[in-house]
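Let's take a friendly walk through a protein model together. Keep the sequence and the 3D view side by side, and look up each residue as we reach it.

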Amino acid sequence: MSILFDGLSLGAIYALIALGYTMVYGIAKMLNFAHGDIIMVGAYSVFVTLASGGHIALACILSIVLCVIMGVVVEKVAYKPLRGSSPLAVLITAIGVSYLLQSISQLIFGADPKNVTIASLGAVTLFGAKISVSSIVTLVIGAVIMAALTVFVKKTRTGRAMVAVSEDKGAAMLMGINVNKIISVTFAIGSALAAAASLFYLMQIPSVEPTLGSMPGIKAFTAAVIGGIGSIPGAMIGGVLLGVIEKVCLSVPVLAPYTTAVEFGLLIVILLVRPIGLLGKKRREKV
Amino acid sequence: MKKFSKVIALLLSLSLVLCFAACGGNTEETTAGSEETTAGSEETTVAADIAYDLTKEGEYTADNTEYVIGATGPLTGDAASYGISVQQGAQLAIDEINAAGGLNGVNFKLDMKDDKATAPDASTGYDALFEAGMQASLGSVTSGSAESFATRAAEDGVFSLTPSASADPVINASNNSFRVCFGDPDNGIMSAEKLAKEYKNIGVIYDSSDAYSSGIYDAFKAKMAELNVTYIEQSFDAENNRDFSTQVEALKDCDVIFLPIYYTEAGLIAKACVAKGCDAFLFGCDGLDGVASQIDATVTNKISYLTPFDVNSEDAKVSAFVTAYETKYSAKPDQFAADGYDAVYAIFEAMKALGVNNVKVDPIELGKALTATFTSADFSFDGVTGGMVWDASGACVKEPIIVELQ
């Protein structure tokens, strides 16, 4: 029971990161590999705020603001000039940005992990298992953010413009939608989600280092693909599924050394059986 | 969709590359040390007879104006903190030696290349160093890289004294590779003996993807089987090394949890213990040195570890080193820094004992001479990580101390 809960809260973190991947892919048709490193930026900003005596609420706000600025700047500087060039060029640029962010933070903060102390919220006993409050908070807030995002995309003007850009960039432009603005908004939302993910990450794993974002980034990307990249509910399901599988595998001593293999094995199986992912939409390529 | 699956394929292969890069330091299994002793004792007699000519000039050392000590280590990437510590410790030793007049008026220079803790980069780094006039070396910092470095060094006959690579294949790679730190099996055996004697419910968390951790664990496992003591085993790997709630959950009723791992993960495990309400005693090996910086007041578990180096020691030599290090780098030295510092001084002392007085000395001749010196019965070195003598296998013999945090 406790393992299931640990898995769900880890899954909620993966799901939040996966949402960022999936939104950017769905709308800008590119894989923002620097997304994991935006989480790292968010985590360092929380660390700096807390270390200089700031309140946790201030740390949350600052980290979201910084991540949003970072996400939009990265998009404008690194990706916008490449719009229209081959997807491979954009992908390589994204990987470059990822390493750039890691190296910069290593220069500023050094390579050794820094301790982040977030006041513990304690633990409660549920169904006979001891469960930390922070993992419940992660789950609840994660679910709320995801629901809000779905409503935002479906109901608001900007949200529907995003769907339009995602379906046909050219036609959306003809309809008077400012595609550049919509893509910036997408990056801003994705980065804000990354900031939220960094907070939840720190609640569970109170330590920050320059490579903090890379492994959760890869896992969340896997989750996004498993769920069907481009699909918001798919990213949630993929993330939670991956988190639970990871925790269950780790709790079985025989399987534990192969946890990563199981996770990525699942990805391969899904890609073979259902290449569009669990909830991916089939789209015919127009020639 | 076609384009998309191409992208996925690329990403998958990329993530594989990343995984390999992450595991680069951990390829080799530890082998039993028993055969080494016999092979080594033959070597002693041979080594004593080896003739060397310290006046000879090396192929690439013609332009040397200082003695060049080469090394590779992770200066960037996941393991960078280890490489940087070794580099800083070694550089401090070099600065002190030079300030005191060098060796017969000739200064030393440290030339350290980044190997990102990967074996291929250590090999490339070795070549670059050799061609740049390296005369003796500190090998590399992490085990996988150090084995690769030592194998290349053995081909040329260059001496290597690794500060911190503790897996046995590193010194088994050649007759002229030595180490400053404990070997992994030593750590495992000492820990098993201590824990089996003092505790009942024993748990272990080890890193299955890391040579250091698995090396200690394998020796621990064998020793525990021999002592007929049971324990609960949990593991993690390089891709899942930040969230330990599952492992701690499984071990929360243990009296003691043995952690043959590095301090970063140990700090996170200590914090996971707080979250899970587990008050077990946490016991580890030298990899735990530095854990104090990773925990805070919320952690109430007692933590201690076996190590050759204690930063708070009152020993005059150690405190002088700690003060000098703090003055230079505004940080306390960890064990890697102490190992790097000792490695440079050990080479310096051996060269002094040999009476080296040729700045262009051939690395191959110097390698033979240093190997003979290190394995000779009357060479010992008293450093900040304890008094050391070396056996013919290249292993260092010294006494551990137990550091208690709380």
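Two residues count as being in contact if their C-beta atoms, placed from the backbone, lie within 7 Å. Keep in mind that this is a predicted model. With that idea of contact, look at chain B: among its contacts with a separation of 6 or more, 72% join residues 24 or more positions apart. The secondary structure of chain B comes to 13 helices and 14 strands, and buried residues make up 59% of its 406 residues.

Pick out one of those helices, α3 of chain B, which covers residues 80-99.

Next, see where the two chains meet. Here 37 residues of chain A are in contact with 38 residues of chain B. On the chain A side, the elements that give two or more residues include the helices α1 (2-28), α4 (87-109) and α9 (214-227), as well as the strand β3 (129-132). By type, the residues on this side of chain A divide into 19 nonpolar, 12 polar and 6 charged.

Now turn to the interior. In soluble globular proteins, nonpolar side chains tend to be buried together. The largest nonpolar core in this model has 207 residues, and A15(A) and I347(B) touch the most other members. The element that gives the most to this core is α1(A), with 17 residues. Where does this core lie relative to domain 1 and domain 2 of chain B? Both domain 1 (37-182 + 315-399) and domain 2 (184-307) give residues to the core, so it lies between them. Zoom in on I347(B): leaving aside neighbours within four places in sequence, this residue is in contact with I69(B), A136(B), L161(B) and L370(B).

Finally, visit T125(A), which lies in strand β2 (residues 123-126) of chain A. Is T125(A) buried or exposed? A residue is exposed if 12 or fewer other C-beta atoms lie within 10 Å of its own; T125(A) has 8, so it is exposed. T125(A) and S2(A) are 123 residues apart in sequence, yet their C-alpha atoms are 9.7 Å apart in space.

Key:
Residues numbered from 1 in each chain as written. Chains lettered and ligands numbered in written order. Predicted model: local features only at pLDDT ≥ 70, side-chain atom pairs only at ≥ 80, totals over all residues. Helix = DSSP H or I, 4+ residues; strand = E, 2+ residues; numbered from the N terminus. Expected span 1.5 Å × (residues − 1). Nonpolar A, V, L, I, M, F, W, Y, C, P; charged D, E, K, R; others polar. Core = buried A, V, L, I, M, F, W, Y, C linked by C-beta atoms within 7 Å. Buried ≥ 20, exposed ≤ 12 C-beta atoms within 10 Å, placed from the backbone. Domains from an automatic or database assignment.
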